[in-house]
Amino acid sequence: LQLIMAPAEPLPTNRKVCYKYIWAQFVAQRMLEKDAKTSIDKTRGLFKDKFQSGAESVTGLAEITKLATGGGVIPPKHGHFNVGIVGSGVAGLFTALTIDWINDTIEKHKGPGHLKITYEILEAADEKRFGGRLYTHHFTEGGVHDYYDVGAMRFPKNAVMDRTFRLLNMLDIKEGLLGDRKHPDDPPRLIRYYLHDDKNVCPTYFNNVLKIGDPYSSEHPETDPFGLNKGIPDEKKIPDHLTRANPSNLFEVAIKPFIAYVKKQLDAYIDKGTRMPAEDENKLWDLLMKCDQMSVRQFLRSVKHPELPDGVPDGPGYTYNTIQWLETATYGTGWYDQSLTEAVLESIDFYTTDDSKEQNKHWYCIDGGAQKIAETMRNKLHNPSAIRFNTQVVGMDANVQLNKRVTKDMTLMLRDTTTGEALPPKSYFTVFNSTTLGSMNRMDLSKAGLLWDTKQAIRCLGYGASCKVGIKFRTPWWQTEPYNIDQGGLARTDLPLQVCVYPSYNINRDVDPLDKPAVLLVSYTWGQTAQRLASLIASKSGDKTNSEILREEAELRDVMLRDLAHLHTKDPNDKEQLQRTLQYITDQYMEHHAYDWYHDPNMAGAFAYFGPSQFSELYPAITKPNAFGQLYFVGEAASAHHAWVVGALESVVRALWLMFDGLHQGSRNDGKVEDAYEPYEWAMKLLECGHVDKETPEGTKTLIPRSKNSLPFYPLPAEMPVVRKDCHSEVSDSADGSDDAAAAAAAEPVEAVRDARKAPTSEAFGLNEVLENTKITGLESSKGLLDHPEMDGTTERPLKYGAALVALSMVESVLSTLIELTDEELETQIGLVEKLEA
């Protein structure tokens with residue numbers, strides 16, 4: 001592709017490198033190559049035999065389309081513009097906090113006036129419900145722990161989550177002990193989360209068989225403790241090593257040889273500290289790519305899969321019944337429709353220890369509820385009133401104008417969610433969308449300047465289903481005799497409630513006495529189990545009272561209480577015992593709250609759930625700039641680690657860095673600025689490493705020192721391949737090459753695509769304005785693009801990944817717009833470029 005590339009850098013040997021990041025880097029690198037080739041083909045298709053010598057690299061494409069872009073993203077006054085943030089979840093709030101930090105840091109060390117970026121956060125929900133998926137429901141007449149976390153509720157302390165814990169530290173959410181908080185208004189604390197049943201008292205109920213404690217304990221070995229194979233033909237039986245394995249480890253047990261193989265390859269990639277030989281790297285890419293095209297279910301069913309490279313362990317060849325058992329005992333029906341690569345790398349990244357008794361030392365929760373994170377983030381904003389509640393974004397208009405420099409704001413169409421009435425549109429120079437793609441899909445995006453693959457991601461990317469049901473009881477009866485479940489843990493079952501989570505935060509006797517009300521997370525479901533349970537959950541429209549909702553959910557309440565009775569009756573097959581337990585639990589019932597994330601109109605799903613091929617195809621589409629560099633996607637979906645707070649945080653750092661990169665490149669083309677606007681480079685370096693150094697003839701000069709505290713705003717996410725690697729893999733995206741053929745076919749008939757559409761209204765091209773205000777570099781003499789303007793006087797550093805991604809996304813935006821033109825308009829555009837080249 002003749003891309004201008006920087007030499008490969010040594011891989012980091014720090015053991016904090018996570019395996020999913022390596023996969024994300026591969027995907028980003030390969031997709032950049034693919035997009036570059038597609039853009040080259042489109043340019044040749046549009047311009048025919050013109051500019052062929054220039055259309056061979058990202059740099060050349062950028063030069064050819066520079067006239068149409070007006071030189072890049074250039075605000076009316078450099079460093080001074082307004083940002084629109086859609087959504088006040090953790091990604092939206094963190095975007096605002098990061099902007100505050102960059103503004104403050106540069107002003108503190110370099111003086112005022114360099115950067116003054118303002119923002120406004122548009123939130124569709126009311127003030128009580130802000131925070132996105134950091135959502136804690138508080139029951140009436142609340143005590144200290146009269147709540148449950150509907151969204152995020154637990155945080156593993158491992159390498160992946162490092163940025164999350166640095167955020168908590170910055171917010172002064174300190175690690176504490178149960179009992180530190182004695183009043184609902186006391187500040188939140190980070191406390192131990194008991195994932196594992198250390199006391200061996202939690203129930204498990206499958207196939208009408210109840211077991212208390214660990215049914216797979218070596219002290220009481222049973223081959224088939226739940227009688228799963230009784231009455232089943234031999235060919236359909238579940239293997240003994242799975243029926244006697246702990247359900248929480250079943251997935252790892254099932255594909256352990258495959259995990260070991262993948263981990264060995266990735267460890268070799270990391271531990272060498274230098275770039276792998278091209279052949280080995282391509283083999284690793286081939287493996288991960290082929291696995292991304294498979295579902296977990298496919299692999300578990302297979303024995304020798306013909307599409308996997310030689311040397312990869314065979315699949316286990318499990319029966320249908322075995323796979324159903326694995327899903328039921330772990331996550332829920334439908335979970336194994338996930339991409340195999342996704343599942344394997346998540347399993348490796350979130351590994352903590354093989355010793356189940358040590359697990360509880362690695363997990364934490366927020367005493368006070370996880371929504372306290374969002375509340376504390378809001379209070380940290382310079383202007384908490386920047387959040388506009390009950391303000392829904394219903395449409396976006398990028399106001400695209402060819403041959404005008406990108407100075408015009410994006411316009412957002414708004415609606416008041418309390419009245420349903422339209423609000424006056426608002427305009428912002430750049431927009432950061434932190435809403436879920438399902439919610440965004442309902443907006444009018446016809447004029448949003450979206451790239452084709454981004455449109456596909458918004459439409460197609462999978463989101464997981466999840467429901468939770470919390471019940472407030474008169475007392476914490478599960479903590480008393482004969483149950484004694486007083487230190488967290490889980491109950492699992494094949495009944496509709498699926499997983500019962502015993503709280504880790506309401507077990508201190510001084511704060512939560514046994515004769516006072518307590519909350520139990522009765523049901524936590526995923527996948528198809530959640531979808532079915534959701535049919536019993538009432539809509540939570542604003543005009544309904546709590547009493548009306550509880551009446552609508554009477555069947556849900558009865559099902560939950562019945563399932564609890566089965567889990568907590570000594571012999572649930574004894575009807576009299578079961579009825580006594582059910583009556584006891586029913587008498588303890590006070591009220592409940594149920595939530596279905598798919599039924600939330602501002603969410604339309606619980607978390608991004610990448611099916612086969614979706615990460616390799618759709619992840620790059622939502623991590624690159626859109627709308628000529630004025631629209632960015634942030635949130636857990638736009639990251640390597642979906643469904644986790646850390647993914648949302650890392651997506652923000654990446655998106656802001658790309659925004660400053662685009663601004664920096666635009667400033668280099670602005671005839672009113674000498675060389676470039678340096679504060680953009682400062683901002684990029686702050687996001688990279690937290691400080692700014694500058695090389696001078698006298699040596700390294702520190703312009704902005706590093707903060708005394710380790711902040712969550714840096715470094716760049718490890719999933720970003722900041723330096724482009726020279727990868728020339730010819731691996732096909734599909735087993736039969738059909739994708740390659742389709743791509744070739746799609747690249748040829750550009751004219752047909754254009755002719756099939758109605759011609760848009762012509763716009764003034766404004767050539768003179770562009771020529772007067774834009775620095776133009778000759779196509780043949782271009783020396784490449786930069787992430788930073790570090791030069792030794794005349795020479796520039798080679799093209800890096802960040803600069804290439806920003807420049808190529810601008811090229812793609814131009815090409816998408818040109819395809820919409822009539823033949824006459826296109827010929828006019830070509831004539832202008834020819835005039836400029838001359």
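With which residue does Lys-426 form a salt bridge? Select Lys-426 and Glu-120: the two form a salt bridge, and their closest N and O atoms are 3.4 Å apart. A salt bridge here is a side-chain nitrogen of Lys or Arg within 4 Å of a carboxyl oxygen of Asp or Glu. The pair links distant parts of the chain, with Lys-426 in strand β13 and Glu-120 in strand β2 (residues 116-122), 306 residues apart. Helices (H or I, at least four residues) and strands (E, at least two) are DSSP runs, numbered from the N terminus. Lys-426 is partly exposed, with a relative accessible area of 27%, whereas Glu-120 counts as buried at 16%. Buried means under 20% relative accessible area, exposed over 50%, and partly exposed in between (1.4 Å probe, protein chains only).

The model is predicted: local features need pLDDT of at least 70, side-chain atom pairs count only at pLDDT 80 or more, and totals for chains, interfaces and linings use all residues. Residues are numbered from 1 along each chain as its sequence is written, and side-chain values use heavy atoms, with hydrogens and water left out.

Next, show the sheet that contains β13. Four strands form an open sheet of mixed pairing, in the order β13-β12-β11-β15; two strands pair if DSSP finds at least two bridges between them. The edge strands, each pairing on one side only, are β13 (422-428) and β15 (444-447). Select β11 (residues 391-397): this strand and β15 pair in the parallel sense over two bridges. Gly-395 has Asp-444 in β15 as its bridge partner.

Glu-617 forms one with Lys-34, with 3.7 Å between the closest N and O atoms. Glu-617 lies in helix α20 (residues 614-618) and Lys-34 in helix α1 (residues 19-47), so the pair ties together parts that are 583 residues apart in sequence. Then select Lys-544 and Glu-552, whose salt bridge has its closest N and O atoms 2.9 Å apart. Also display Asp-35, Asp-453, Lys-624 and Glu-812, which are linked in a network of salt bridges.

Finish at Gln-498, in the loop between β18 (490-493) and β19 (499-501). Gln-498 counts as buried because its relative accessibility is 4%. The side chain of Gln-498 reaches the backbone oxygen of Tyr-331 at 2.8 Å. Leaving aside neighbours within four places in sequence, Gln-498 is in contact (heavy atoms within 4.5 Å) with residues including Tyr-331, Gly-332, Arg-492, Tyr-524 and Trp-526.

Conventions:
Polar contact = N/O pair within 3.5 Å; in protein donor to acceptor, adjacent residues only side chain to side chain.
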